Amino acid sequence: MTVQRDLQPIERMDVALVERYWPELYKRNIPLVVTGAMDDWVALRDWTPDFFAELLTGMEHPLRATDDEGEYAFVNHVKRTIIVSDYIRALGSERLQGTRRPFFGNIPIQDPDIAHWFTSLMNDFSFPDVAPERIGDEVRLWIGAQGQKSTVHNDSNHGFNAQVYGRKRFRLWSPDQHPYIYAVRISDDTWVSPVDWQQPNFEEYPKFAQAEGAEVILEPGEMLYIPAFWWHAARSESVAINANIWIFTPDIGKWIQ
Ligand SMILES: O=C(O)CCC(=O)C(=O)O
């Protein structure tokens with residue numbers, strides 16, 4: 001039987017050290033669990049499913065029809081418009097047999113088309129003060145049910161993903177693990193893997209067994225630093241609310257293979 005390599009833990013570091021030693025950490029190019037960065041976040045106290053169900057009353061939004069990103073990318077490329085507050089209220093309920101929910105995730109809350117829904121939240125969080133050379137950033141909101149999962153992909157920017165509510169499992173692989181990931185390019189700058197990283201089919205993807213990954217389950221108040229081009233995937237272990245920031249710097253190009 002093929003067995004996956006052991007997963008490595010991810011180093012933890014207080015935000016004060018992350019901010020102080022950022023240039024060195026940046027050069028090291030490894031993920032970190034950043035602690036203490038959310039101690040003052042109003043979001044950590046206030047953001048719950050009920051809070052968002054109330055805040056987003058009246059919002060309708062087109063979403064992927066499945067909260068399994070692998071299924072969306074490779075099987076069922078469909079979106080449908082949902083009433084967001086109904087979706088949020090149903091997050092804790094059982095899924096109907098054999099069905100998946102949509103996913104109110106990857107929501108660009110500064111996008112002018114929807115920003116008015118989120119104006120009152122903008123002082124509820126602040127991400128670490130790093131990357132002074134940044135040429136832009138983007139904050140996104142993710143509210144999903146237990147079992148929501150993203151597929152293995154990478155981003156051409158640095159990311160900090162903050163666990164605001166519930167728990168989320170993150171698996172990461174360094175860029176040099178690319179030969180074992182089977183990533184395919186599905187758009188200009190999006191590379192994703194068809195491998196189900198939680199239940200890999202080693203007959204179809206035998207090299208995935210050699211991939212050396214690291215894993216953490218983020219608890220509320222913890223934040224994960226994902227360096228640019230690190231392969232990563234996530235799964236909600238409970239109803240989960242996350243906010244993340246993508247930081248763009250001039251030195252990052254595109255992933256090219
Ligand atoms: O939460 C997820 O499902 C994916 C998060 C992610 O890809 C990111 O933070 O860059």
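Which strands each supply at least two residues of the shell around the ligand? In this predicted model, the strands concerned are β7 (158-165), β13 (231-236) and β14 (240-248).

**View A. The shell around the ligand.** Gly105, Trp142, Ser150, Asp155, Gly159, Asn161, Ile226, His232, Ala234, Asn242 and Asn244 surround the ligand. Sorted by class, this shell holds 7 polar residues, 3 nonpolar residues and 1 charged residue. Strands β7, β13 and β14 each contribute at least two of the shell residues.

**View B. An open sheet of 3 strands.** The strands follow the order β11-β8-β13, and their pairing is antiparallel. At the edges stand β11 (213-218) and β13, each of which pairs on one side only. From one strand to the next, the twist averages 15°.

**View C. The pairing of β8 with β13.** Strand β8, formed by residues 168-173, runs antiparallel to β13, and 6 bridges join the two.

**View D. The largest nonpolar core.** This core comprises 59 residues. Those with the most contacts inside the core are Ile88, Ile143, Val152, Val164, Ile181, Met223 and Leu224. Strand β14 gives the most to the core, namely 5 residues, and β14 also supplies at least two residues of the ligand shell.

**View E. The contacts of Ile88.** When neighbours within four places in sequence are left aside, Ile88 is in contact with Pro49, Phe52, Ala53, Leu56 and Ile143. Both Ile88 and Ile143 are listed among the core residues with the most contacts inside the core.

**View F. Tyr182 in a loop.** Tyr182 is located in the loop between β8 and β9 (184-187). Its phi is positive, at about 60°, although Tyr182 is not a glycine. Is Tyr182 buried or partly exposed? Tyr182 counts as partly exposed because 17 other C-beta atoms lie within 10 Å, whereas a buried residue requires 20 or more.

**View G. Phe229 in a loop.** The loop between β12 (223-226) and β13 contains Phe229. Phe229, a residue other than glycine, has a positive phi near 75°. With 21 other C-beta atoms within 10 Å, Phe229 is therefore buried, the threshold being 20 or more.

Note on methods:
Residues numbered from 1 in each chain as written. Predicted model: local features only at pLDDT ≥ 70, side-chain atom pairs only at ≥ 80, totals over all residues. Near = placed C-beta within 6 Å. Helix = DSSP H or I, 4+ residues; strand = E, 2+ residues; numbered from the N terminus. Nonpolar A, V, L, I, M, F, W, Y, C, P; charged D, E, K, R; others polar. Pairing = 2+ DSSP bridges. Axes fitted to C-alpha atoms, helices over the stretch in contact; angles between N-to-C directions. Core = buried A, V, L, I, M, F, W, Y, C linked by C-beta atoms within 7 Å. Buried ≥ 20, exposed ≤ 12 C-beta atoms within 10 Å, placed from the backbone. Contact = placed C-beta atoms within 7 Å.
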